[in-house]
Amino acid sequence: MTSLTDLAALTAEDFSARMAQPVHVSADGETMALRITDVAHRGQSERPGGAFSVVFRGPKSPVIDQAIHRVEFDGEEAIDLFLVPIGEDAQGVLYEAVFA
């Protein structure tokens, strides 16, 4: 499993392996819990393993803005990810990070 701090080396498998881990995001002075709900391959790119996206689910409120946010997986160093709200379902709001 690749260290999360090396964003250029991360692969879809690195996030798939962390799907069961709690994820915390800091936004607007608040911290909220997220969960990874989907990791999808998105074709070829210069990155090892190709392009991919990661979808996170958070609570219905508050909704975080599209921006770079501090994301922390339990027991690991925090990383900055560009998260985009992409919709909501019955369980909460969905956010996507794309690695191309």
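Predicted model: local features only at pLDDT ≥ 70, side-chain atom pairs only at ≥ 80, totals over all residues.

Biologist: What makes the link between the side chains of Ser 53 and Glu 96 a polar contact?

Modeller: The side chains are joined at 3.4 Å. A polar contact is a pair of N or O atoms within 3.5 Å; within protein, one must be able to donate a hydrogen and the other to accept it, and residues adjacent in sequence count only if both atoms are side-chain atoms. Residues are numbered from 1 along each chain as its sequence is written, and side-chain values use heavy atoms, leaving out hydrogens and water.

Biologist: Why is Ser 53 called buried?

Modeller: Its relative accessible area is 1%. Buried means under 20%, exposed over 50%, partly exposed in between (1.4 Å probe, protein chains only), so Ser 53 counts as buried.

Biologist: How do you know that strand 3 and strand 6 pair?

Modeller: Strands (E, at least two residues) are DSSP runs, numbered from the N terminus. Two strands pair if DSSP finds at least two bridges between them. Strand 3 and strand 6 have 7 bridges, in the antiparallel sense, so they pair. Ser 53 sits in strand 3 (residues 52-58) and stands opposite Val 98 in strand 6.

Biologist: What joins strand 5 to strand 6?

Modeller: A hairpin does, through 2 residues. These strands run antiparallel, with 5 bridges. Strand 6 is also mostly covered, with 7 of its 8 residues buried.

Conventions. Helix = DSSP H or I, 4+ residues; strand = E, 2+ residues; numbered from the N terminus.
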